[in-house]
Amino acid sequence: MDKNFQEEFTQIIKFEPPLYKQRHQFIKDLVEKYKPKKVADLGCADCSLLWMLKFCSCIEVLAGLDICANVMREKMHKLSPLPVDYLQPSERSLTVTLHHGSVAHKDPCMLGFDLVTCIELIEHLEESELKKFPEVVFGFMAPSIVVISTPNSEFNPLLSRVMLYRHPDHKFEWSQAQFQSWALETARCYGYSVEFTGVGHPPTGMEKVGFCTQIGVFFRKYPQTGESVQSEEPTEAVYKTVFKAVYPSLKDEKYLQNAVISEVIFTAQIIKHRLMSKREEYGDDPERKSKFQLSVDCFPDYLGKPVVEKNMEPFVSGNEAYIPLTTIFSFPKVNRLCGTFERLRKLIAGKVTLSSDGSALMFNIEHENEEN
Ligand code: SAH
């Protein structure tokens, strides 16, 4: 490399966004493309990638592993559910777990993942750990996709203040040829294909140097058969769980029931409100007023469009307003939450006041009659 050219760039290379953010964005884009449900981040450090991934709606299981428990503990509270997660439980389930342990050891808690990320991890491994790493990740965990990123040593002369390695804890830094030959051999051994890419573009005219961070994306070639999973020797748990958060989800009956009851009461209140104001228009006719029926014509947009049949129409009889469950069920949000009418009945049983035949929600309107 021309020394003057090199010195010129050493002064100006600054990545925007910063390189670590580009690496994390790369993973986020990959998740959005392949939609894995279970993702494990090995060498997760302060959990910043995991925190970013918890917002990807396809992910239901997130796990982090690091040999340093303290670095994980620093910010792990950020992985806990927020009050808003309880107020508005999500439709997906999400469990986030952090384990303390080494990628050189197998633990059954790391089985069943779709995507495993190892961002700037391998260069921190001792020779003996690096030897065991492929068998643990590709042989034992065997996810559909593995992403490994590591510094590209050919880029180092372009970075200011890099003496031997980019970080004092790095045990090695590989050129593109070194990384690619290791990755191709690993992929071959364990039945994966590998694609090379990276983040942190080299300056124009220096493309040969390659990306600042080199990345290998490994794809398992063959689906895992039930047989190969079962023939696996039973492995003892060696990792220690240091954090676990189960997010409130509508897949959990208790949160679903609360959400359904709130939505049912909210919907019924709006219908009742419409019923009462329509009824007002017949103010002087006590006969019509006491047995009044509302045709469900215009409901506010946020309730969605109901599919209402004639016999499902809400009505007032005496001091009671009757809102048929079938009407409530026909509103899209209630419908989507419950799935079936039977399920709606089951979820609200004993939690709301129903007419004697159980077909309608009942509201006493005596108070409202007095007011009018
Ligand atoms: N992946 C993170 C940080 C990488 S730094 C990021 O993208 O920013 C490397 C991390 O690997 C450190 O947190 C270090 O504690 C961890 N580590 C080193 N050796 C390990 C091993 N044998 N098993 C698991 N984690 C290890």
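## Backbone features in the loops

K35 is placed in the loop between α2 and β1. In this predicted model, the phi of K35 is near 50°, a positive value in a residue other than glycine. With a relative accessible area of 53%, K35 is exposed.

A positive phi also occurs at A142, about 45°, although this residue is not a glycine. The loop that holds A142 runs between α6 (127-141) and β5 (145-151). A142 counts as buried, at 6% relative accessibility. A further backbone feature is the cis peptide bond between E16 and P17, for which omega is about -5°. P17 belongs to the loop between α1 (3-12) and α2.

Side chains of opposite charge can pair when their charged atoms come close. With a cut-off of 4 Å between a side-chain nitrogen of Lys or Arg and a carboxyl oxygen of Asp or Glu, the count comes to 10 salt bridges.

One of these pairs is E32 with K28, whose closest N and O atoms are 3.9 Å apart. Both residues lie in helix α2 (residues 19-34), where a spacing of 4 residues corresponds to about one turn of the helix. E32 is partly exposed, at 41% relative accessibility, and K28 is likewise partly exposed, with a relative accessible area of 23%.

D46 and K75 form a salt bridge through their side chains, with an N to O distance of 3.6 Å. Because D46 lies in the loop between β1 (38-42) and α3 (48-53) while K75 lies in helix α4 (residues 69-75), the pair ties together parts that are 29 residues apart in sequence.

What is the relative accessibility of D46? The value for D46 is 21%, so this residue counts as partly exposed; the cut-off for buried is under 20%. K75 is partly exposed at 39% relative accessibility.

Which parts of the chain does the salt bridge of R343 and E253 tie together? The side chains of R343 and E253 meet at 3.3 Å, N to O. R343 is in helix α13 (residues 341-348) and E253 is in helix α9 (residues 253-280), so this pair connects parts that are 90 residues apart in sequence.

The relative accessibility of R343 is 30%, which means that R343 counts as partly exposed. E253, at 40% relative accessibility, is also partly exposed.

Notes: Residues numbered from 1 in each chain as written. Predicted model: local features only at pLDDT ≥ 70, side-chain atom pairs only at ≥ 80, totals over all residues. Heavy atoms only, no water. Helix = DSSP H or I, 4+ residues; strand = E, 2+ residues; numbered from the N terminus. Buried < 20%, exposed > 50% of the residue type's maximum accessible area, 1.4 Å probe, protein only.
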